[in-house]
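The following questions and answers examine a protein model. Please consult the sequence and the structure alongside each reply.

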Amino acid sequence: MEGSINAIVIDKKYNVGVALENLKINDIAYFKIGNDYKTVKVIDEIPIYHKFALKDINKDDFVYKYGENIGKAIKNIKEGEHVHTHNLISIREGVEEQ
């Protein structure tokens, strides 16, 4: 493991991680799932405590964090991309899980 942990992912079913520090384009997000260390190359600026995609997420896919569906992608999101209001509609905004 080259870098120290700078992101958190609690469960392998999540499709987003959370940055534990500001991440810049081309930084590597280092995190652990269970006993396994994982990495994702960041392709956007990710502010501290913001979400980034752990894998490609297609438009209309649900986004999972905290063990729950937190919203729906409103456009395709690439692995390492910032996940926020510009590409996600929140459950709080009326998205119904199907």
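Buried means under 20% relative accessible area, exposed over 50% and partly exposed in between, with a 1.4 Å probe and protein chains only. This is a predicted model, in which local features need pLDDT of at least 70 and side-chain atom pairs count only at pLDDT 80 or more, while totals for chains, interfaces and linings use all residues. Residues are numbered from 1 along each chain as its sequence is written, and side-chain values use heavy atoms, with hydrogens and water left out.

Q: How many strands does the protein chain contain?
A: Helices (H or I, at least four residues) and strands (E, at least two) are DSSP runs, numbered from the N terminus. The order of elements from the N terminus is β-β-β-β-β-β-β-β-β. The chain has zero helices, and its strands number nine.

Q: What is the class of the aromatic pair formed by the rings of F31 and F52?
A: Rings of Phe, Tyr and Trp (its six-membered ring) pair if their centres lie within 6.5 Å; planes under 30 degrees apart count as stacked, over 60 as edge-to-face and the rest as tilted. One aromatic pair is found in the whole structure. The ring centres of F31 and F52 are 6.5 Å apart and the planes stand at 55°, so the pair is tilted.

Q: How many residues apart in sequence are the parts that the pair of F31 and F52 ties together?
A: F31 belongs to strand β3 (residues 28-33), whereas F52 belongs to strand β5. The pair therefore ties together parts whose separation in sequence is 21 residues.

Q: Which residue of β5 is the bridge partner of G17?
A: Two strands pair if DSSP finds at least two bridges between them. Strand β2 pairs with β5 (residues 51-53) in the antiparallel sense over three bridges. Within β5, the bridge partner of G17 is F52.

Q: Which residue in β2 stands opposite A7?
A: Strand β1 (residues 7-8) and β2 run antiparallel and are joined by two bridges. Both faces of β2 (residues 16-19) are covered, with V16 and V18 buried on one side and G17 and A19 buried on the other. The residue opposite A7 is A19.

Q: Why does H50 count as partly exposed?
A: H50 is located in the loop between β4 (36-41) and β5. Contact means heavy atoms within 4.5 Å; leaving aside neighbours within four places in sequence, H50 is in contact with G17, V18, A19, H82 and H84. H50 counts as partly exposed because its relative accessibility is 23%.

Q: What is the C-alpha to C-alpha distance in space between P47 and V18?
A: P47 also lies in the loop between β4 and β5. Not counting residues up to four places away in sequence, P47 touches A19, E21, N22 and H82. P47 and V18 are 29 residues apart in sequence, and their C-alpha to C-alpha distance is 9.4 Å.

Q: Which residue in β9 is the bridge partner of K72?
A: Strand β7 (residues 68-73) and β9 pair in the antiparallel sense over three bridges. In β9, the bridge partner of K72 is I89.
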